[in-house]
Amino acid sequence: MFELKMDMIQTIGLSVILLIIGMKLRSKVKFFEKYCIPSPVIGGFLFSIIAFILRQSNIITIKFDTTLQTFFMVMFFTSVGFNASLKVLKKGGKKVFIFLLLAIGLCFAQNLVAILLSGFVGINPLLALMTGSTPMTGGHGTSAAIAPSIEALGIKGAEAVAIASATFGLIAGSMLGGPIANNLIIKHKLMEKQTSKHESNNYDDDIDENVLNKPEPVLDAEKFSMAFFFILIAMGIGSYLSIIITKLLPAMNFPIYIGPMIIAAIMRNISDNSKLFTAPIREISVMEEVSLNLFLAMALMSLKLWELINLAVPMLILLIAQIILIYLYLNFVTFKAMGSDYDAAVIVSGHCGFGLGATPNGISNMKSVCEKYKYSRLAFFVVPVVGALFIDFANVSLITLFISFFK
């Protein structure tokens, strides 16, 4: 069987081609658009299927140089660190803080369920963890970043399981969010209660909607340069912090991006609360999306699908358990903690979307519910703030602790 080796430049070149193919397919195929399947997942996964067929047919195997994959992975999580603004959290009000705690609680429960069922399905707890909050709340980005560290511990199939679970979660989260919220609205007669209330929002004084204000984008080369520099500085200093943390806590096995992510969070909060420097946050968010797309495309195209063959049944059991968990959690925890009213029901649909997939899925769920009933100002404030700015930082930290404990 012929072996094709691709160097660093060839690998990134192919990943960009697959990313563009994914973008084209996403715009043409309604299924991909409906369930918010990311473009790099579409293009990369398509290539991995072709590579799988070629390998199983003993025609060709392809090996990639993943140096730049690691670079863009660290760059992505460093950008995530810049989202961890305590000032923004404070401006969001108590509802944002409560929902953040609920989202973190779901992450913990997702990992706990995966670990507890690992013995029942007969697989390593760390492999089972790849069906927990890593792919569910974390999505493809967190899956592609965390799974290689599990593979490095000798657990084969971790990456394939995590990516497949993330894809399952995206679809399941989009399918379940609307119906769960709709059932809550009907069961508790929330629209009747809503119309009997005063029309003004009870939380107007509790939130600052300037947090979500997005001014018209203006292309500024200097700001984009500064965004790139800020990220590289955080990556550079953070790499030393990762080394220090690893030496102080060798048993914890922290990933290489934990230091840069922490430094980025520190830089963001210094920027928010002093005049020492001003971080170009909007431009950093663009760099975050670019690095995620490139890193995901490389991760997906090199996916070893053949490692999934013997894990199909255990995976299915673990994923069904995650569906049952989120159904119970949304109905009996999120809904009640957020006020058991119409706004809470809409928030439930959003939590289902990003608790099983990604924030865009959650927003899509909320839109479908509000189109049937009425707009929820609170839901469209709370869910994006937590889903887009805070949960990734909290989730990655929690996953790291779980891995350190069970490795």
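Hi everyone, let me begin with a definition: a residue is called buried under 20% relative accessible area, exposed over 50%, and partly exposed in between, using a 1.4 Å probe and protein chains only. What we have here is a predicted model, where local features need a pLDDT of at least 70 and side-chain atom pairs count only at pLDDT 80 or more, while totals for chains, interfaces and linings use all residues. Residues are numbered from 1 along each chain as its sequence is written, and side-chain values use heavy atoms, with hydrogens and water left out.

Let's look at the whole protein. There are 17 helices and two strands; helices (H or I, at least four residues) and strands (E, at least two) are DSSP runs, numbered from the N terminus. The radius of gyration is 21 Å, close to the 22 Å that the globule rule gives for 407 residues, so the protein is as compact as a globular protein of that length. That radius is taken over C-alpha atoms, and the rule is 2.2 Å times the number of residues to the power 0.38. Along the principal axes, the C-alpha atoms fill a box of roughly 70 × 55 × 45 Å. Of the 407 residues, 53% count as buried.

How confident is the predictor? The pLDDT, its confidence in each residue from 0 to 100, averages 87, and 93% of the residues score at least 70. Over residues 198-204, however, the pLDDT is below 50, and this stretch has nine contacts in the model beyond near neighbours in sequence. A contact, by the way, means heavy atoms within 4.5 Å. Where pLDDT is low, the predicted coordinates should not be read in detail.

Is serine 364 buried, exposed or partly exposed? Serine 364 counts as partly exposed, because its relative accessibility is 32%. You'll find serine 364 in helix H16, residues 359-372. Between serine 364 and glycine 178 there are 9.2 Å in space, C-alpha to C-alpha, although they are 186 residues apart in sequence.

Next, threonine 334 sits in helix H14, residues 312-337. With a relative accessible area of 0%, threonine 334 is buried. Setting aside neighbours within four places in sequence, threonine 334 has contacts that include Phe99, Leu102 and His351.

Which residues does glutamine 69 contact, leaving aside neighbours within four places in sequence? They are Glu159, Phe295, Met298, Ala299 and Ser302.

Methods: pLDDT is the predictor's confidence in each residue, from 0 to 100.
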